[in-house]
Amino acid sequence: MIPMQYAAILHRPMSEYAFPLDERHFVFRLRTAKGDLKRVTFYYADRADMASELTFYPLDMPLIRTDLFYDWYEITLETPWQRIAYYFLLDDGKEQCRFAGECFEKMAAHIERSEYFQYPFNHKADLAVVP
């Protein structure tokens with residue numbers, strides 16, 4: 001079996017890969033190599049939570065598009081939180097790894113809360129308004 005193709009994986013916070021639709025809905029996207037992964041799980045937490053450890057909640061990310069080279073996964077998250085910390089759990093059927101803050105880590109590895117992907121704010125004034 002071919003190992004996970006890490007070089008093909010792409011996510012950019014606060015871009016076309018992570019953006020708010022309104023005050024309660026965010027869209028998150030992830031690009032991977034075509035046919036590389038069996039499952040992607042999106043984990044999110046309240047970035048503003050003052051607890052020493054963040055509490056993450058999982059959501060399965062559906063595969064929404066495939067082309068000649070890539071697969072795209074996307075989820076629309078509904079949450080009252082305005083600040084989100086998040087990461088992706090990537091599973092190719094043989095191994096799993098966490099993709100957080102531009103780093104790939106085994107799940108057992110401890111990472112600091114500042115090392116997760118962050119959506120640091122969701123201000124109403126910054127939302128796109130379609131005419």
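Below is a short chat about one predicted protein model.

User: Before we start, what ground rules apply to this model?

Analyst: It's a predicted model, so local features need pLDDT of at least 70 and side-chain atom pairs count only at pLDDT 80 or more, while totals for chains, interfaces and linings use all residues. Residues are numbered from 1 along each chain as its sequence is written, and side-chain values use heavy atoms, with hydrogens and water left out.

User: How many helices and strands does the protein chain have?

Analyst: Helices (H or I, at least four residues) and strands (E, at least two) are DSSP runs, numbered from the N terminus. Reading along the sequence gives β-β-β-β-β-β-β-β-β-β. That makes zero helices and ten strands.

User: How does the radius of gyration compare with the globule rule, and what is its value?

Analyst: The radius is taken over C-alpha atoms, and the rule is 2.2 Å times the number of residues to the power 0.38. For 131 residues the rule gives 14 Å, and the chain comes close to that, so it is as compact as a globular protein of that length. The C-alpha atoms fill a box of roughly 45 × 40 × 20 Å along the principal axes. The radius of gyration itself is 15 Å.

User: What share of the contacts with a separation of 6 or more is between residues 24 or more positions apart?

Analyst: Contact here means heavy atoms within 4.5 Å. Among contacts in the protein chain with a separation of 6 or more, the share from residues 24 or more positions apart is 64%.

User: What percentage of the residues is buried?

Analyst: Buried means under 20% relative accessible area, exposed over 50%, and partly exposed in between (1.4 Å probe, protein chains only). The chain exposes about 7,700 Å², with carbon and sulfur atoms supplying 55% of that. Of the 131 residues, the buried part is 40%.

User: Is threonine 79 buried or exposed?

Analyst: Threonine 79 is in the loop between β6 (70-78) and β7 (84-91). Leaving out residues up to four places away in sequence, it touches Glu23, Arg24, Phe26 and Ile84. Because its relative accessibility is 3%, threonine 79 counts as buried.

User: Which residue's backbone nitrogen lies 3.2 Å from a polar atom of the threonine 79 side chain?

Analyst: A polar contact is a pair of N or O atoms within 3.5 Å; within protein, one must be able to donate a hydrogen and the other to accept it, and residues adjacent in sequence count only if both atoms are side-chain atoms. At 3.2 Å from the threonine 79 side chain, the backbone nitrogen belongs to tryptophan 81.

User: Onto the rings: how many aromatic pairs are there, and what geometry do phenylalanine 56 and tyrosine 87 have?

Analyst: Rings of Phe, Tyr and Trp (its six-membered ring) pair if their centres lie within 6.5 Å; planes under 30 degrees apart count as stacked, over 60 as edge-to-face and the rest as tilted. The whole structure holds 23 aromatic pairs. Phenylalanine 56 and tyrosine 87 sit 5.1 Å apart, centre to centre, with 65° between the planes, and that pair is edge-to-face.

User: Which arginine has its charged end over the ring of tyrosine 70?

Analyst: A charge sits over a ring if NZ of Lys or CZ of Arg is within 6 Å of the ring centre and within 35 degrees of the ring normal. Arginine 98 lies over the face of tyrosine 87 at 5.6 Å from the ring centre. Over tyrosine 70, at 3.9 Å from the ring centre, sits the charged end of arginine 31.

User: Which backbone nitrogen does the side chain of glutamate 115 reach?

Analyst: Glutamate 115 is in the loop between β9 (103-105) and β10 (117-119). Its side chain comes to 2.6 Å from the backbone nitrogen of glutamate 112.

Note on methods. Accessible areas come from the Shrake-Rupley method with a 1.4 Å probe; for residues, only the protein chains shown count as cover.
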